Amino acid sequence: MKSFKPYAAVRTKRTGSSLALAIALAAGGVLGVTALEAPAFAQKKKDKKAEASKNNYSKGFIAAYTPAEQMMKAPAKDMAAITAAIPALAAAVETDDDRFAAGNFIYSIGRESSNRALQRQGVDLMLQSGKVTADNAGQYNFLAGQLAYQDKDWATARARMMTAIDLGYVDNGPEAIVAETYFSEENPAGGLTFLADAINKRIAAGQPVDESWIKRGIAIAYNNNLAADAGNFSSLYAKYYPSVNSWGDAIAIQRNYANFDSQEMLDLLRLGQRTNSLRNERDYVEYIDAADARRLPGEVSRIIEAGIAAGKLKASDVYVAEARSTAKGRLTADQADLPSLVSDARKSGSTAVTATAAGDAFLSYGRAAEAEEMYTIALTKSGVDTQRVLNRLGIAQLDQGKAAEAKATFARVEGARKPIARLWSLYADQKAAETPAM
């Protein structure tokens, strides 16, 4: 699978626009920061092979360790006294075996007393000892990173998590915590870049993409006005977790960042209609405005009826009633004009405007095959609005179930319509996946 990259420069949200994303844009929670239980090294006895090997403990360390260990074994533990013995125990360390044993002991005390400083000290000592096995090194570094994260020591947390990742540790999402360290340092761009790279690596490895990672990326990008990242993460959300909400978010983000004209907006909202993600009055009203009851009465009529049926529009609303009446009054004449439009478009001397108008009319009535023919003719004429016609040619092809042809057409779209075509191409992939193989 291909990785994703920003497709546009940073843009700002439209003045006065509102966006009711389905995800929690406040994003108060962080990604994947879960408590890790005491690792195996603090719980299990040494195996026989380990017991057979001679540990190199210094005499001074043994002298400091023995009374501390006895206090830990006492029926009634005096945690204050045990904690007070730690400085002397740490000071007595001479060898790496001393260091590992001291770290193990100090970490255990920290766990039992809920003292994070002691837990961090203990894990750090064990990592410094060089005695951590290769199998456990990733887990130890993750634990050290998690403890540092909880202390808001972002740099240390990131370094430890990166080491865990480099060692192949993937449990509990260390990549997500690395991203969170950037976010916590008020470096959203750095965190999003890292998170996007982590997602791409999971995709390349054929591994599932964590939904919370994508939703967090959308929230951070949107709240920090990073348009390209918001578009990318929302596209991923629609791609890997397609739903009314994810498609609604992907489309809404484009609407809020881009200054689309009415014709561009129309094709974006057509995608919303096909993905069932027109979810509020604003969506339907913008669709009606973009389609224009005087130009595309059939499509406007269909959208108004759908909006009323969905409870998003009120038939009694003056705007809705007027648009509904205008569309109804135009329907008969508009449909009667279709044969002459086709005839004119097929003439050798026809213009791009004529052929495009014919394509637009047929597309609005759901007659995709005729629309495809008209748009194909338009593309051969001088003065054609190439990007608009290509975008709609792809829609007409997809409406006929020609997903591969539609994707190829969408890939040719450039300029302001490129992000719109990219979403349509993603939808084409999903439609193709729904089609049973012959």
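Reader: Which residues does M162 touch, not counting residues up to four places away in sequence?

Author: Contact means heavy atoms within 4.5 Å. With residues up to four places away left out, M162 touches V178 and F194. This is a predicted model, in which local features need pLDDT of at least 70 and side-chain atom pairs count only at pLDDT 80 or more, while totals for chains, interfaces and linings use all residues. Residues are numbered from 1 along each chain as its sequence is written, and side-chain values use heavy atoms, with hydrogens and water left out.

Reader: What does the side chain of R158 make a polar contact with?

Author: The partner is the side chain of T181, at 2.8 Å. A polar contact is a pair of N or O atoms within 3.5 Å; within protein, one must be able to donate a hydrogen and the other to accept it, and residues adjacent in sequence count only if both atoms are side-chain atoms. R158 lies in helix α8, residues 154-166. R158 counts as buried because its relative accessible area is 16%. Leaving aside neighbours within four places in sequence, R158 is in contact with V178, T181, Y182 and E185.

Reader: How do the axes of α9 and α10 cross?

Author: Axes are lines fitted to C-alpha atoms, for helices over the stretch in contact, and angles run from 0 to 180 degrees between N-to-C directions. The axes of α9 (residues 174-184) and α10 (residues 188-204) come within 7 Å and cross at roughly 165°. Therefore α9 is roughly antiparallel to α10 (angles under 35 degrees count as roughly parallel, over 145 as roughly antiparallel, 65 to 115 as roughly perpendicular and the rest as oblique).

Reader: Which residues of α9 and α10 meet?

Author: On the α9 side they are E175, V178, A179, Y182 and F183; on the α10 side, P188, G190, G191, L192, F194, L195, A198 and R202. The residues of this contact divide into 9 nonpolar, 2 polar and 2 charged. Here Ala, Val, Leu, Ile, Met, Phe, Trp, Tyr, Cys and Pro count as nonpolar, Asp, Glu, Lys and Arg as charged, and the others, Gly among them, as polar.

Reader: What is the phi of N225 and of N276?

Author: Most residues other than glycine have a negative phi. N225 has a positive phi, near 60°, and so does N276, also near 60°. N225 is in the loop between α11 (211-223) and α12 (227-240), and N276 is in the loop between α14 (262-274) and α15 (281-291). At 24% relative accessibility N225 counts as partly exposed, while N276, at 58%, counts as exposed.

Reader: Which residues of α15 are buried?

Author: They are D283, Y284, E286, Y287, I288, A290 and A291. What covers them includes α13 (244-257), α14, α16 (297-309) and α17 (318-336). At the start of α15, a side-chain oxygen of N280 reaches to within 3.2 Å of the backbone nitrogen of R282. After α15 comes D292, with a positive phi near 70°.

Reader: How many helices and strands are there in the protein?

Author: The protein has 23 helices and 0 strands.

Conventions
Helices (H or I, at least four residues) and strands (E, at least two) are DSSP runs, numbered from the N terminus. Buried means under 20% relative accessible area, exposed over 50%, partly exposed in between (1.4 Å probe, protein chains only).
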